[in-house]
Every structure is written in structure tokens, then in C-alpha cells.
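Have the sequence and the 3D view open side by side.

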Amino acid sequence: MLELTISHIFLIIIFGVFIGIIGSSMGIGGGAFIVPFFVLVFNIPIKYAIAVSLISIIATSSAVASVNVEKGLTNVRLGIFLEMSMAIGSIVSTFIMMKANSSILHLLFSFMLLPVALTMFLKAKKSKKAEHKEGITSNNDDKNLSTFFDPSLGRNVSYVPKKLKAAFFFSFFGGVMSGLFGLGGGIVQVPVMNILCGVPIKAATATSNFMIGLSACASAIILYKNNYVIGDLASFLVVGVVIGSMIGMKILYRAKGSTITMFFSFLLMFLSLKMMLDIFK
Amino acid sequence: MKKFTEKQLYEIISKTLRNGVILFIVISFLSYLFKDPQIHKFILDIAIMILISTPIMRIIILAVGFYKLGDKKYSFYSFVILVLLFLGLFIKK
């Protein structure tokens, strides 16, 4: 399908570093960039590009989660709970992706992103004030209470995830994004956990990173079994992605949550417009 | 005997995830040492299978780990995810 030259390999690794930085610092897999990159630059059919993207997402998620789980940033219990519906979404949507034209869901998704992006943008504008209010500072004996140390605030941040049933429902769509578009699902999971469940943005980002590896895995199993994975592209991309992830994690750990939220809201707006334009091409 | 703690469980998870990615990179690089395309593809396939298995391994560890910690609810959730992943194996084009 593709003869890889040294310059191709170099380009893929550099691109992987860029994706790793974006993905790990924002809790997304970077699939929104990977799929267009392979389709537009290497003329790879979209279904194969999605498969490579999912392999790369497993690597980003695993590399980043290996650090965040130890640091206590990841809410493992919340992640497992939401992964159940996410895995169902991934499996169902991968089946649909292999069979059907996804333009209607593509359009629905692009419209759905705009209000989410706007909400996150307004939340980020509250900036420092909101930052210091994030989480619970008083003692709480709730068994679901989670705590992590935020070095940018210089204190422990505690929180209790809320509205879990609703989050469970929306996580299904995170899985759908994974199987249908190779996006990993962080683009849905971070806002769901942050806005709906009240999880601080850093914990939401880290937990999303932990989860997207599983949703990508659920889809990748099916795509690998059906011969959609191009191993050579995946291996070089993963090298770059892992290097980038290590850099991105440092950004996540030290950066202000509001900076990440603001950046993420702009990214969502961009993706929404891009997906709309793609449909009306 | 020392009691198994949540911290220990998370350390095992971290190591599993890290080693899965490292193994993938090492084995996929090894595959490029072979000029025969079939051998290269065979070794690269092993690397990809290891990477895909990494999140599955962490779910198995979490299922067992939470059970050992006495948290049967999350052990069950992990088991449900495992079953879902297994069902995915039967989906065809």
C-alpha cells in the first residue's frame, strides 16, 4: 500500500511527537489530527488511517496513564465505571464504521461539539477565581472522595464525582467517537467529567487519558482482526507519540487548569468547524 | 503477610502499561532487522498484539486487584469490560 522512505519515517516520528504533546496534555488521543494526516499526506484510505490512529491512542494512553495512575491524578474507579459504556460504544461504532457511511453521525457530532466548546470556554474565562474554587477544600468522609496534589496550586484538591448515571450515558458516545472516527473519545470524556461530574480539569484529563486506551483497544481488536492495521505506520508513529507524551505530561502537571480548558475549547471549536466543512465539501 | 494495598495495585498497573509500550517499541524495531517481508510482518504483528493486549492486561489486573482489596463492585465492572472486549473478537466485516 505504501513504500516508506527515510523522509516519510522522519515526518511520521516528528508528527507523532506533536500528537503526543497535544494528546497527553489535554486527555485526548490526537486522532482528530492523525486521521487527516494519513489521509491527506499519505493518501491512506480513511478506515486504515482510523486503525493506525487507534493503535497510536493505545500507546499514548498507556504511556501517560502509567505515570498519572502512580501520581494519583487518574480516578481509576471513575474510569472503570465509565469504560463499560465506552467499550459498548466503541464496539458498536466500529461495526458500523466497517459497514456503513458515517456522514450523518459525523454531522451530528460536529454540531454537538459547539455548545460543549462554548461552555468550556466560558468556564475557562473564570480563570484564577474558578481555579481556586475547583474541588473541595474541607474534610469530607464520602467514600467516593478523591484527592490529588496540584503543584500549580500548591495544595491537595479533593472532589466527589457527581451525576454518574448521566456521565455513563454520555460515555457511550465517547466510545462511538473512538470506533467511528478513530478519535479515542477524550473529546467527549473530558467535558463530561469536568462539566457534568465536577471533576477538576487535571483529574478529568488524566482519567480520560486512562480510559481512551481501553476504548481504542476495543475498536483496535476488531480492526486488527479484519486486517485494517498498517503495522509500519503504527510503529513509527508510536515512537514519536511516546516521546511527545512524556513532554505533554510535564505540561499537564505544571500548567494551570484554566489554560488547558481554554486551549481545549478552541480545539473543539476548530474540530467542529472542520467536520462541518468536510461534510459540505 | 503484608496486606495488599490500592497503592500497590496502581503500581502494578503503571508497570504493566509502561512495559507494554516499551515491549511494542523494542519488538517493532527488531522487526526491521529482518529483510524478509514475511518475517518482518510476523514480528511486527507480535508487537501490535502486545500493544493491543496492554489495556486488556490492565483490566485483568484491576479485576483481580479490586477483588483482593475486597472491592467486589469494581472487580465486577472490570470483569464486564473484559467480557465486552472478548465479544468484540467475534465481529466481522
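Where is the place of A:Asn43 in chain A? Look in the loop between helix H2 (31-42) and H3 of chain A. Helices here are DSSP runs of H or I with at least four residues, strands are runs of E with at least two, and both are numbered from the N terminus.

A quick note on what you're looking at: this is a predicted model, in which local features need pLDDT of at least 70, side-chain atom pairs count only at pLDDT 80 or more, and totals for chains, interfaces and linings use all residues. Residues are numbered from 1 along each chain as its sequence is written, while chains are lettered from A and ligands numbered from 1 in the order in which they are written.

Most residues other than glycine have a negative phi. A:Asn43 counts as exposed because 10 other C-beta atoms lie within 10 Å. The cut-offs are these: a residue is buried if 20 or more other C-beta atoms lie within 10 Å of its own, exposed if 12 or fewer, and partly exposed in between, with C-beta atoms placed from the backbone.

A:Asn227 also has a positive phi, near 60 degrees, and it lies in the loop between H9 and H10 of chain A. A:Asn227 is exposed because it has 10 other C-beta atoms within 10 Å.

H2(A) is followed by A:Asn43.

| Helix | Residues | First to last C-alpha | Expected span |
|---|---|---|---|
| H4(A) | 24 residues | 34 Å | 34 Å |
| H1(B) | 26 residues | 38 Å | 38 Å |

In H2(A), the buried residues are A:Gly31, A:Ala32, A:Ile34, A:Val35, A:Phe37 and A:Phe38.

**H4 of chain A**

H4(A) is mostly covered, with 17 of its 24 residues buried. There's a bend of about 35 degrees at A:Glu83, where the bend is the angle between axes fitted to the seven residues ending there and the seven starting there.

How do H4(A) and H7(A) pack, and at what angle? Helix H4 (residues 76-99) and helix H7 (residues 164-181) of chain A pack at about 35 degrees, with their axes 6 Å apart. Those axes are lines fitted to C-alpha atoms, for helices over the stretch in contact, and angles run from 0 to 180 degrees between N-to-C directions. The crossing is right-handed, meaning that the near helix is turned clockwise from the far one by less than a right angle. The residues of this contact are 16 nonpolar, 10 polar and no charged.

**The chain as a whole**

Chain A has 11 helices and 2 strands, and from the N terminus on they run α-α-α-α-α-α-β-β-α-α-α-α-α. Of its 281 residues, 57% are buried. Residues 24 or more positions apart account for 81% of the contacts with a separation of 6 or more; two residues are in contact if their C-beta atoms, placed from the backbone, lie within 7 Å.

A:Phe236, in helix H10 (residues 231-254) of chain A, shows such a pairing. A:Phe236 and A:Ile13 are 223 residues apart in sequence, yet their C-alpha atoms are 5.7 Å apart. Leaving out residues up to four places away in sequence, A:Phe236 touches A:Ile9, A:Ile12 and A:Ile13. A:Phe236 counts as buried because it has 22 C-beta neighbours inside 10 Å.

**Where the chains meet**

Now for the partner: 37 residues of chain A are in contact with 36 residues of chain B. On the chain A side, the elements giving two or more residues are helix H3 (46-71), H4, helix H9 (201-225) and H10. H4(A) gives the most, with 11 residues. This side of chain A divides into 27 nonpolar, 6 polar and 4 charged residues.

Over on chain B, B:Ile13 sits in helix H1 (residues 6-31). B:Ile13 touches A:Val69, B:Arg58, B:Ile61 and B:Leu62, not counting residues up to four places away in sequence. B:Ile13 is buried because 23 other C-beta atoms lie within 10 Å.

Technical notes. Ala, Val, Leu, Ile, Met, Phe, Trp, Tyr, Cys and Pro count as nonpolar, Asp, Glu, Lys and Arg as charged, and the others, Gly among them, as polar. The expected span of a helix is 1.5 Å times one less than its number of residues.
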